[in-house]
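Have the structure open and follow along.

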Amino acid sequence: MALSASDLGTIYSLLTNSMSGDESVRKPAEAALSQFENRPGFCSCLMEVITAADLASQVDVRLLASVYFKNSINRYWRNRRDSAAISSEEKNHLRQKLLSHLREENDKIAGLLAVLISKIARLDYPREWDVGFGGGGGGLPELFSVLAHKLQSADVPTSHRIFLILFRTLKELSTKRLTADQRNYAETKKKVDFLWSLWQSDFQTIIHRFSTLAQSYTPNALEQRHDELYLIRFPSDSKCVQEVRPVKEVSPALLEATQSLLAFYSSFQKGHPKFWDFIKRACTKLIKVLVAIQGRHPYSFGDKSVLPPVMDFCLNKISDPDPDILSFEQFLIQCMVMVKCVLECKEYKLNLTGRVMDESVITMEQMKKNISNAVGGVLTSLLPSERIVLLCNVLIRSNHKHYFDLMIVALGFWVHKGNHFALLIASDLEELYQNPESFHHEQDMIQWTEKLRPCAEALYILLGPVVVSILQEAMNACPTSVTEITPGLLLKDAAYGAAAYVYYELSNYLSFKDWFNGALSLELSNDHPNMCIIHRKVALILGQWVSEIKADTKRPVYCGLIRLLEDKDLSVRLAACRSLCLHIEDANFSEQEFLDLLPICFDSCFKLVEEVQEFDSKVQVLNLISVLIGHVHEIIPFANKLVQFFQKVWEEASGESLLQIQILIALRNFVVELGYQSPTCYNVLLPILQSGININSPDILNLLEDGMLLWEATLSHAPAMEPRLLAYFPCLVEIMERSFDHLQVAINIFEDYVVLGGIEFLRMHASNVAKLLDLIVGNVNDRGLLSTLPVIDILVQKRIRPIRNICEMEMKTTKPFGDFSGTEVFVMILGVLPCRSAPTYQQYFASECSSCKLIMICLSGRDDFEPSKAAVKTSSAAILARILVMNTNYLAQLTAEPSLSLLLQQADIAVEENILLCLVDIWLDKIDNASSDQKRTFGLALSIILTLRLPQVLDKLDQILSVCTSVILGANDDLTEEESSGDNTSSSKFHGEGIIPSREYRKRQIKFSDPIKRWSLENSVRQNLQTCATLHGESFNSAISRMHPAAFAQLKQALKMP
């Protein structure tokens, strides 16, 4: 039933309750809203809540209503077969309502309303918006015509909202890729050409008012135009090389606008702080837009009217900015980003491919080459060698902040030019000494586009060769014996930082071995407190240059990093920590050279964790410990210390899930390295593991993935099943009930329990195993099933004695699980024995047990063109064939159950004959897709089918015997290399006086002890063929006579019949 205005109160109450902190109130409200969302009128009610004047102060409720509205558009706006769509009348009403509510006061809600309009336009523009403005017939005016019309008479806030809608809508439409959609978008662009003229006109007005400092001016007039700068999106020219003319018009205008605004920067800085802040934001955004245009339209941007003035402007601002601009950090960053993007642009790289002589047609590649060559010439003229040298000196040498004069007083020296960005200044030194941790993380881990010094360092990566001469100059000007903080020392610090970042380029000009043995090792031997500045950069160099460090230098470098790890300054120790990680993870890491340093390294890490305070610092040290454990194999002597360490840091990390994740990762590496000695740490490990897999923990969303990986590693390296580990298995069921996000790891854990726990595990957790299989089989995709089915196959093989008559089993629901025999547990898991909650066998059977689901998988649909489905069907069929071989009466009774036929009927699976015979058809069909073991199983199952008292068996006799013959004759090729290896001890590990079998060894033992491997298919076919002849008499003889003589001859050969 449709919702109406009378339901508004109900919807409002539900929205309010759904934000309640009380779960008993929130959950029912969320459930009720989910029931309402597909009913007609729901979106109209939400729209009324959003636009109601008396609810203007209820921002949270209106925001939530906007979110529900957006979700409803995604689900119900488009007509679908599987869900009820919003009616055309309601859609039309919602469009009109949205366009009439343009003056929304709240910025967040206004942004969401713009998103709503853009999503609706993506689905039905221009089809449902194409009636001309003022058109009759109840149609909706054309979207952009409405917005343009309203823009003519709008005030500043309304204009801002309109531009926001235009921005979102055009951005959404530009992402549609069908040819018709691209054609519509091209037509749409023509309807908004007026925006550029409007922006230019408004900008001129703003500059005029800035000039006169009109007191009535409000900066919103320009701010509302920011979104226009992103509006007009044209197809990229990087592929088609088609000129985008607006780029040549817009880009120079944006550059001119930036220059015009910067002219007021210094004059507004003190007298008009509001305007000054606005100029900063506007200039930064204008340069960002130019960067975006260059990235999307590189060839058009490379025109001589665009690229040279933009690059020249940015280079001048970097190398010789006005003194006031030095404080304008974000603007300078964007200038550096522009230069870096242009220099790295692949479209501007010279193309060395040739051209066919006398070729008359200019190809697209030739056009690209011509443009690249032209741009290359422009860049060469803009960046002569003198300017490159100057730029490198600028980036390396000097500072950029207002504290420049304070540094001069402190150092008593005038630092070169006063307009550079990479040298440490007074404020940096103060931060280094007062809070070395924060200083380290700001310089070492921040994105290069966010801070000025990292941005400068990233830029001079492109100017690497020039750094060599500056590095040499810096080392000559400041010998290693200098300990006073002088400009020379700071210049050397900056030069070392540059050398660290451009290590790849410098490696052709600088021998690391000579540099380390000469200067760097002497730097390390100087323990003066002021040397922490240089020591930190040396640590950075040793980490960055890891690929250039040869074998004969590794040992002294390792020793140097360990020495830095023991430094008194935290920033130096953290830098050494990071560099050590790079060395240990390096493919050429020399464990032998590092082994005797391991005790010092661990002790230093333990001390460092205690001393640091910041989260990032703790994570960095934990990461080094984890890397050490994972790459250095001599861990056992440090096991006790590591156990104590993990226990302490876990207790201290309570509530800090991101830190706990690092601990779980380190513990996993620790368990793997301990191997079958891992039980020595169980007293600490298992409580931590339990915390990581407890779904009731408040941090479970963050910890679960790494907790399950630790669980898997613990089981894989356990010498025997620990009772406490055995008790954790129900957690796996709870995790799978929640989601299948970690299915593969869960399957591996399940397999470990089956292999390691044996019959004790199955008896203790039979009901949980059955529940787990019921959750997975039939509810996950083919990839998930392909991971699960081998574990089910191991379950079937796991020491289950074959029985011939299931009726002999006493089926009592009150029998304790621990009293079931191995066979009973197996049958219960596969879904035959009733659970305690099921009062009768029939009621339990009516549910989809695992065996039934396997049968449904086998009989459902064709899989000719879907390899994954074919593999799933083959594996499922092989498991059912194994069950038939090991317990014939069970599968016969299962397939004869009326309840199974009902399940197949409900699943629309048509079965025209006996279900067991349908499985026979599957076995015959999938024999070519099966592995050698599966083929043998199919052969044994088919041979048993011969003993059935069904006349239809004779119709399939020819096929059954042909398959059995091919399996018998191909038996000599069935032994795999793994099976024939023979050395069982190679898969075991010594522990004390005995040998502990590995996980893979146990799996192979299960496989080798498989009764199907011991049974002779040849004897089974011979005996069952005689039984079939006895059962069917003359009909059997008739069926045999219809066999092809060649096939019959092969059968006799296989059965060794005379």
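## Around His583

Not counting residues up to four places away in sequence, His583 touches Leu542, Gly543, Val546, Ile549, Val557, Tyr558, Leu561 and Phe589 (contact means heavy atoms within 4.5 Å). His583 sits in helix H31, residues 570-585 (helices are DSSP runs of H or I with at least four residues, numbered from the N terminus). With a relative accessible area of 3%, His583 is buried; buried means under 20%, exposed over 50%, for a 1.4 Å probe and protein chains only. A polar atom of the His583 side chain lies 2.6 Å from the backbone oxygen of Leu542.

## About the model

This is a predicted model, where local features need pLDDT of at least 70 and side-chain atom pairs count only at pLDDT 80 or more, while totals for chains, interfaces and linings use all residues. Residues are numbered from 1 along each chain as its sequence is written, and side-chain values use heavy atoms, leaving out hydrogens and water.

## The second largest pocket

Now for the second largest pocket, which is lined by 22 residues. Pro790, Asp793, Gln797, Asp933 and Lys1007 lie nearest its centre. Helices H43 (782-797), H47 (867-886), H51 (932-945) and H54 (999-1008) are the elements that each give two or more residues to this lining. (A pocket is an open set of points on a 1 Å grid over the protein atoms alone, where a 1.4 Å probe fits, with protein on both sides within 12 Å along at least five of seven lines; lining residues have an atom within 4 Å of a point.)

## Lys1056

Lys1056 lies in the segment after helix H58 (1045-1055). Lys1056 is exposed, with a relative accessible area of 66%.

Key. Polar contact = N/O pair within 3.5 Å; in protein donor to acceptor, adjacent residues only side chain to side chain.
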